[in-house]
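Subject: Model handover

Hello,

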Amino acid sequence: MTNDAAPVVTGTHVGKTFANGAVVALENAQFNIPKGTFVSLVGPSGCGKSTLLRLIAGLIEASSGEITLHGTPVRGPRQDVGMMFQKATLLEWRTALENVLLPTELQRKPTRADEDKARDLLGLVGLGDFAFSFPAQLSGGMQQRVALARLLQTGADVLLLDEPFGALDEFTREHLNLELLRIVGELGATTIFVTHNIAEAIFLADQVFVMTPRPGRIARIVDVPLERPRRLALQTTPEFNRLVVEVRETLGEL
Amino acid sequence: MALAPDPMGVALRRGLTHAGLFLGLLLLWETSARLGWLNPLFYPRPSDILLSFGRIYVTQGNVWYHLYVSLGLVFTGFLAGSILGVALGSLVGLNPTVRRFLQPYVIVLEATPRIALAPLMIAALGFGAPSKIAIIMLVCFFAPFINTLSGVINVNEEKLELFRALGASKWQILRKLVLPDAVPVIMAGERLALTAALSGVLVAEFIQRDKGIGSLILTYTRNLNMASAFACIFTLTIVGFLIFKGMEWLDRRIAYWNHDADMARVSARRKARWEAR
């Protein structure tokens, strides 16, 4: 049994350069993320937040340092981590249910239990009635819900979300953020969420990694000691605003 | 009387206008021919064409055999040519090295009118069905080849990254992403190919006049039996229209996700399959 207090994701002096070292995308990132923690990565473009996410996902390789997941170093895409992007990236010729089943299909022939799990996950993201709809028949928000269900179908307990609701309107996004908190809370998943919206970052997270550009680095890790479950009204409280100020100061905006 | 025009009435009136205009044109043609304004040698009367239809389809009934021969060639050549096109298109599309070396030849061949090679096919394969099928294959090959190639090359990068992140094998990426993603553009190529096949069979039969609807047109024209030639040409018009509609039907079945009504149909079917599992 793994100890709950042991970090699920760690980074030791992680760096990433592009163009033969000419561009430093990420420099000396150090972090420990305990199980079940919700981490937000926030910062302006070029601060390396997407790079860090892709490094953890094993989609790119670190130039220096090491990232570990569940205690083993990341060397490529793996089963215990799943990623979701700003675009839903659904296959248009598959129904919502068939899209959710894709990760399973790529590993083995789906069993009846896999199929039932996919159906349940669609229910969990609020699309129980749309299991047999095609992506073109769904709204942008609904497509992102399918993408979230597909991410959960992988069974990964580390979820990497790269501005997952960034392309949606404000109301839909706030609503989906609340749903996301409920779902990852129910599953006890460790979540890393990239955003450039400071309030959103604080509202969702247990820890905010404030990142600054040129070179990209984690300037500060801000703890968010606000109680859960979180309600939208939280954003008008003095404690919340104090955290916003703290993040903005780190970003050099005040 | 209703003030707002009812849609049914509008459609009916429009249909009647079209029919009236068409009948007027036919009447004009018939009268001009009867009055000797048109040379009857080249422009037969509509009534004569109608009589020829009756003769070649009913009393003499000879067109059926030729139609059967031609359509047989069309479908054989089309299937062979387009399957070859799709297969080679995928192969070349998936292999960057092959693509780089093959590219110049593809450009040269694409710029060459394929029909120009028809006599060479006869020289190589002799008279008979094989050379005719080869000519049709030649005109059918390129559209599916080029479309498959571009469909396979232009795979959505984000989808590709998703598959990689999910640990998909190369074979899975091909079968579950690249090929289905290319289906609509491949189908567009197939539509062009089948239309080309119809022209191809006519060229093949004009060069080798033994049987088939192309030979029949040539024979009638040489005998100055223009009414029957026109009946054959209109037959081809109908065949062409049916082919077009048929391919449209097939496209809606295969690339259903591009058509709202078909999506709803497939959706209902998958739901039924799930419930019956």
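At what angle do helix H8 and helix H9 of chain B pack? The angle between H8 (residues 170-207) and H9 (residues 213-222) of chain B is about 55°, and their axes are 7 Å apart. Axes are lines fitted to C-alpha atoms, for helices over the stretch in contact, and angles run from 0 to 180 degrees between N-to-C directions. H8(B) and H9(B) are therefore oblique to each other (under 35 degrees is roughly parallel, over 145 roughly antiparallel, 65 to 115 roughly perpendicular, the rest oblique). B:Val201, B:Leu202, B:Glu205 and B:Phe206 of H8(B) meet B:Gly214, B:Ser215 and B:Leu218 of H9(B) (contact: C-beta atoms, placed from the backbone, within 7 Å).

This is a predicted model: local features need pLDDT of at least 70, side-chain atom pairs count only at pLDDT 80 or more, and totals for chains, interfaces and linings use all residues. Residues are numbered from 1 along each chain as its sequence is written, with chains lettered from A and ligands numbered from 1 in the order in which they are written. Helices (H or I, at least four residues) and strands (E, at least two) are DSSP runs, numbered from the N terminus.

Chain A has an open, mixed sheet of six strands in the order S6-S7-S8-S3-S9-S10 (strands pair if DSSP finds at least two bridges between them). S3 (residues 38-42) and S9 (residues 207-212) of chain A pair in the parallel sense over four bridges. Within that sheet, A:Val42 stands opposite A:Val210 in S9(A).

Between the chains, 17 residues from chain A and 16 residues from chain B form the contact.

Regards

Note on methods. Contact = placed C-beta atoms within 7 Å.
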